[in-house]
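Please consult the sequence and coordinates shown below while reading.

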Amino acid sequence: FVLMQYHQGQTTLPRLVSLLQAIGLAISKRQVLRLLTERQDDFIGEARDILRAGLEGASWISVDDTGARHKAANGYCTQIGNDHFTWFGTRTSKSRLNFLDLLRAGHTDFVLNAAAFDYMRERALSATLIARLAEQPQTTFADQAAWSAQLDRLGFTGLTITPDPVQIATEGAIWGSTKAHGFACDAVVLSDDAGQFAVGQHALCWVHAERLVHKLDTFTDPQRAAQQRVRGLIWNFYADLKAYRTQPSARRRLTLRARFDRIFRLRTGFVTLDRLLARLHANKAELLMVLDRPETPLNTNGSENDIRCQVTRRKVSAGTRSDLGRDCRDAFLGLGKTCAKLGVAFWDYLGSRLRIPGYGVPALPGLVRCRGQPA
């Protein structure tokens with residue numbers, strides 16, 4: 001009852017204590033806090049396994065982040081999920097290095113493989129430095145200390161060049177670890193164009209792209225008319241992309257690509273709008289990922305909906321004070337969202353895991369794997 005009220009009911013701790021005392025329980029705030037955080041390793045472990053199961057079979061994942069307070073400091077909560085699972089992770093950074101670390105789903109190793117070297121080349125790491133890494137016999141490093149020692153031996157840490165060789169090599173080795181564990185091997189990463197999420201096969205949200213046009217400041221009637229015309233063209237194109245997802249074909253794919261060019265190469269005479277259209281045209285491959293991967297959604301509405309519970313929790317209870325409290329909050333909110341997507345009552349799930357007679361819910365990672373299998 002306490003877990004249900006606090007995490008799914010979004011009740012504050014003082015109100016929950018008052019409720020329990022009002023129905024006749026002699027219980028303190030500290031005792032309720034212990035119920036929420038102590039001996040919850042199994043729940044935290046299942047949440048981690050859900051992430052692993054989801055990444056193993058996902059053809060796409062949608063990601064987002066929001067602010068989160070932890071230990072009286074500003075941090076960031078990252079959401080990873082799709083139609084079958086949701087997972088949250090709160091850290092102090094929102095960098096690409098942090099996102100790649102989250103994609104490792106709890107593993108700590110660094111791996112130099114083909115995926116790692118491809119990543120380094122894409123990020124413009126010097127071919128000489130890549131060769132220096134590739135010629136070493138050791139390709140797997142157990143933890144950060146072992147990896148840092150290797151970079152130090154190879155002279156990476158003393159270099160002051162752009163891009164930072166330590167950062168790019170580390171990101172590449174983590175990406176290699178992700179692939180080595182079978183996570184997100186062929187998955188499209190769908191985001192709102194935040195730079196840290198631009199890894200692998202990356203797709204962009206059309207709603208966020210159009211929002212840039214919608215929010216553009218206009219000062220004259222011709223500018224407003226040009227803005228409305230472009231918005232109409234974009235939304236009509238969006239509707240046809242939705243129709244393409246249900247019935248993809250090579251002919252329609254070619255037609256839509258050509259139409260994209262006509263819309264985003266349009267010159268309206270409104271200079272700011274024309275520059276914005278050119279910027280969006282530069283993202284053609286990411287905006288039109290759906291043409292090659294029709295299963296990919298056109299927007300990040302799923303992520304926006306998922307992460308709203310974290311925003312509510314932040315407004316209701318500010319932040320967390322301990323790492324255990326942070327991990328429990330992230331785990332239970334993710335478990336609740338995953339249960340909803342799998343059609344499992346959160347109350348039944350909690351009863352099953354707490355070994356209450358009459359409740360029997362199978363392991364959620366197994367359900368996620370079943371749902372992720374192609375029809």
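How do the axes of helix α4 and helix α17 cross, and within what distance do they come? In this predicted model, the axes of α4 (residues 41-57) and α17 (residues 323-342) come within 9 Å and cross at roughly 55°. The two helices are therefore oblique to each other, and their crossing is left-handed. On the α4 side, the contacts are made by F43, I44, E46, A47 and I50, which meet L324, D327, C328, A331, F332, L335 and T338 of α17.

## Overall architecture

The chain contains 19 helices and seven strands. Its C-alpha atoms fill a box of roughly 70 × 60 × 45 Å along the principal axes. Of its 375 residues, 48% count as buried. Among contacts between residues at least 6 apart in sequence, 66% join residues that are at least 24 apart.

## A second helix pair

Two packed helices are described by the angle between their axes and the distance between the axes. For helix α10 (residues 206-214) and α11, the axes come within 10 Å and cross at roughly 170°. That angle makes α10 roughly antiparallel to α11, because angles over 145 degrees count as such. The residues of α10 that take part are W206, V207, E210, V213 and H214; their counterparts in α11 are Q227, V230, R231, I234, W235, F237, Y238 and L241.

## Salt bridges

The structure holds 19 salt bridges. Three of them are listed here with the separation of the nitrogen and oxygen atoms.

| Pair | N to O distance |
|---|---|
| R259 and D240 | 2.3 Å |
| R329 and D330 | 3.2 Å |
| E38 and R34 | 3.7 Å |

D240 is partly exposed, its relative accessible area being 30%.

In the pair of E38 and R34, both side chains of which meet in a salt bridge, E38 counts as partly exposed at 41% relative accessibility, and R34 likewise counts as partly exposed at 40%.

What is the setting of the R329 and D330 pair, buried or exposed? R329 counts as buried at 8% relative accessibility, and D330 counts as buried at 4%. A network is also present, in which K71, D323, R326 and D327 are joined by salt bridges that share partners.

## Cysteines

How many disulfides does the structure hold? The count is zero. The sulfur of C77 has its closest cysteine sulfur in C309, at 7.9 Å, which is too far for a bond, because a disulfide requires sulfur atoms within 2.5 Å. C77 is buried, with a relative accessible area of 0%. C185 is in no disulfide either; the nearest cysteine sulfur, that of C370, lies 19 Å away. C185 counts as partly exposed, with a relative accessibility of 48%.

H7 lies in helix α1 (residues 2-8). With a relative accessible area of 4%, H7 is buried, because the limit for that class is under 20%. Leaving out residues up to four places away in sequence, H7 touches L36, C328, R329, F332 and L333.

I174 provides a second case, in helix α9 (residues 165-180). Its relative accessible area is 3%, so I174 is buried. Beyond its neighbours within four places in sequence, I174 is in contact with L97, L100, D101, R104 and F110. I174 and A116 are 58 residues apart in sequence, yet their C-alpha atoms are 7.5 Å apart in space.

Note on methods:
Residues numbered from 1 in each chain as written. Predicted model: local features only at pLDDT ≥ 70, side-chain atom pairs only at ≥ 80, totals over all residues. Heavy atoms only, no water. Helix = DSSP H or I, 4+ residues; strand = E, 2+ residues; numbered from the N terminus. Buried < 20%, exposed > 50% of the residue type's maximum accessible area, 1.4 Å probe, protein only. Contact = heavy atoms within 4.5 Å. Salt bridge = Lys/Arg side-chain N within 4 Å of Asp/Glu carboxyl O. Axes fitted to C-alpha atoms, helices over the stretch in contact; angles between N-to-C directions. Parallel < 35°, antiparallel > 145°, perpendicular 65-115°, else oblique. Left-handed = near helix turned anticlockwise from the far one by under 90°.
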